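Visitor: I would like to learn how to read a protein model feature by feature. Could you walk me through one?

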Amino acid sequence: MIEDNIKDIYLDHAATTPLRQDVLDAMLPYFTEHFGNPSSAYRMGQESKAVLKEARDTIAKAINAEDWEIYFTSGGTESDTWALTGVSKSYRDKGNHIITSSIEHSAVLNTCKALEKEGFEITYLPVDSKGLIHVDDLKSAAKPSTILISIMFANNEIGTIQPIKEIGEFAKKNGIIFHTDAVQAFGQVNINVQEMNIDLLTLSGHKICGPKGIGALFIKKGIKIMPLIYGGSQERGRRGGTENVPGIVGLKKAVEMMMQDYEKNIEKLIEMREYLIHSIFNEIQGAVLNGHREKRLPSNVHLSFKGILNETLLIRLNAENIFVSAGSACTSGSTQNSHVLEAIGLDNDTAKSTIRVTLGCENTKEQMDVFVEKLVQTINELRRIRSSFGKE
Ligand code: PLP
């Protein structure tokens, strides 16, 4: 909860965000008195059905879509998997080629791997050292058999924001369907599916101070998509299963609150991000900011510190109740290096010296000061230990 754990300094909002108290309050009655099944014809069911419509409305407005273009899912992973498999299988008669990038979330990359086994051909576009794809590379990769482009709006590790409008324009001109994973961008970047020619867009509740296990897929009118989950006639027959009504109510409330203070929140995040970057650069020699300097998420600070092993740094910060990460939550625990850091050209040693700091609106400048102080102390100490062993 946002109000709790004052002494904890949580700086891993790209992994997940604290649930807002107002979101929880909105959800609770839907676990208790408002428990009706939205498919039931009597009043209690119809009341639940009505809130689904309101939630669709709220999410649709946030991205300039229509309410009936919003489909509820269990989160970002399901939305990505559904978008890629559902579209590619529906358009197989037109072609079997899909274009994505080498720095997508594992939900997209592993779905692509599965599709490759089913005979689809996938092009993984490279990115430059800042994590940007180049639209010229996309243009060269496209061919008559290309049916789908899936490029994430913003990267979950280094925060780089892709040229989504240009990609959408190209896709539209060439009759190719365009999906974007906007899990990290939602709430931090303006999203307009019409202006940006986006055909499908993935959202997740727990990255915007909403509940876990709920998300949405925007599917533009007219796009064909096979179900991923078969079952009843829920979600207009495209996604079976009784709806997660409390989760959907929570998602609606989180989106409402996000949109209410949208500009103010972004301004606050950027101000805090810049304050943090400047403090770190002033205090720590050889600190490097990874990702793009301007085209980056307001919340993201991704750093490397030469000669420092990130695992050790994280353990020390954890002992001070400061929580940052070494990479994406989905790959933590894996011994493999990050595919994103590899794609931007970081060597193994540098990749092992990186940390991801991702800010949220409940963070304060005072917390930034405490974090920098502990970071400086720890890095100085680790560097002293290293030099006493004769390493520079
Ligand atoms: N896509 C991106 C870019 C993400 O960062 C994440 C979560 O980390 C997901 C998809 C998966 O979302 P979920 O946790 O809701 O399944």
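This is a predicted model: local features need pLDDT of at least 70, side-chain atom pairs count only at pLDDT 80 or more; totals for chains, interfaces and linings use all residues.

Visitor: Where does Cys-209 lie, and how many disulfides does the structure hold?

Guide: Cys-209 lies in the loop between strand 7 and strand 8 (215-219). The structure holds 0 disulfides. For Cys-209, the nearest cysteine sulfur belongs to Cys-361 and is 7.2 Å away, whereas a disulfide needs two cysteine sulfur atoms within 2.5 Å. Another cysteine, Cys-112, is buried with a relative accessible area of 0%.

Visitor: What is there to see in the backbone of Cys-209?

Guide: First the general idea: most residues other than glycine have a negative phi. Phi of Cys-209 is near 65 degrees, a positive value in a residue that is not glycine. Asn-197 also deserves a look, with a positive phi near 55 degrees. Asn-197 sits in the loop between strand 6 and strand 7 (200-204), and its 16% relative accessibility makes it buried.

Visitor: Now to the strands. Which strands does strand 5 pair with, and how many of its residues are buried?

Guide: In general, side chains in a regular strand alternate between the two faces of the sheet. Strand 5 (residues 146-150) is largely enclosed by the rest of the structure, because 5 of its 5 residues are buried. Strand 5 is joined to strand 3 (residues 97-101) by 4 bridges, and the two run parallel. Within that pairing, Ile-99 stands opposite Ile-149. Strand 5 also runs parallel to strand 6 (residues 177-181), with 3 bridges between them. Here Ser-150 has His-179 as its bridge partner.

Visitor: Through which helix does the chain cross from strand 5 to strand 6?

Guide: The chain passes through helix 6 (residues 164-173), and this β-α-β crossover is right-handed.

Visitor: What joins strand 3 to strand 4?

Guide: Strand 3 and strand 4 (residues 121-125) are joined by 5 bridges and run parallel. Thr-100 stands opposite Tyr-124 of strand 4. Between strand 3 and strand 4, the chain crosses through helix 4 (residues 106-117), again in a right-handed β-α-β crossover.

Visitor: Which residues have the most contacts inside the largest nonpolar core?

Guide: Those are Ile-149 and Phe-153, in a core of 63 residues. Helix 7 gives the largest share of this core, 8 residues. Leaving aside neighbours within four places in sequence, Ile-149 is in contact with residues including Ile-99, Leu-138, Ile-167, Phe-170 and Phe-178. Apart from this core lies another of 29 residues, among them Phe-305, Leu-313, Met-368 and Leu-382.

Visitor: How should I read a helix, and which residues of helix 8 are buried?

Guide: An α-helix has 3.6 residues a turn, so residues three or four places apart point the same way. Helix 8 (residues 262-283) has 22 residues and reaches 32 Å from its first C-alpha to its last, close to the 32 Å expected at 1.5 Å a residue. Among its buried residues are Tyr-262, Ile-266, Leu-269, Met-272, Arg-273, Leu-276 and Ile-280. The buried residues of helix 8 pack against helix 7 (245-260), strand 9 (287-290), strand 10 (300-305), strand 12 and helix 12.

Visitor: What does Gly-360 touch, and where is its place?

Guide: Gly-360 is in the loop between strand 12 (354-358) and helix 12 (365-388). Not counting residues up to four places away in sequence, Gly-360 touches His-13, Leu-269 and Met-272; Leu-269 and Met-272 are among the buried residues of helix 8. Gly-360 is buried, because its relative accessible area is 6%. The C-alpha atoms of Gly-360 and Asp-12 are 8.3 Å apart, although 348 residues separate them along the chain.

Technical notes
Residues are numbered from 1 along each chain as its sequence is written. Side-chain values use heavy atoms; hydrogens and water are left out. Buried means under 20% relative accessible area, exposed over 50%, partly exposed in between (1.4 Å probe, protein chains only). Two strands pair if DSSP finds at least two bridges between them. A crossover is right-handed if, with the strands pointing away from the viewer, the path from the first strand over the helix to the second runs clockwise. Contact means heavy atoms within 4.5 Å. The expected span of a helix is 1.5 Å times one less than its number of residues. A nonpolar core is a set of buried Ala, Val, Leu, Ile, Met, Phe, Trp, Tyr and Cys residues joined through side-chain atoms within 4.5 Å.
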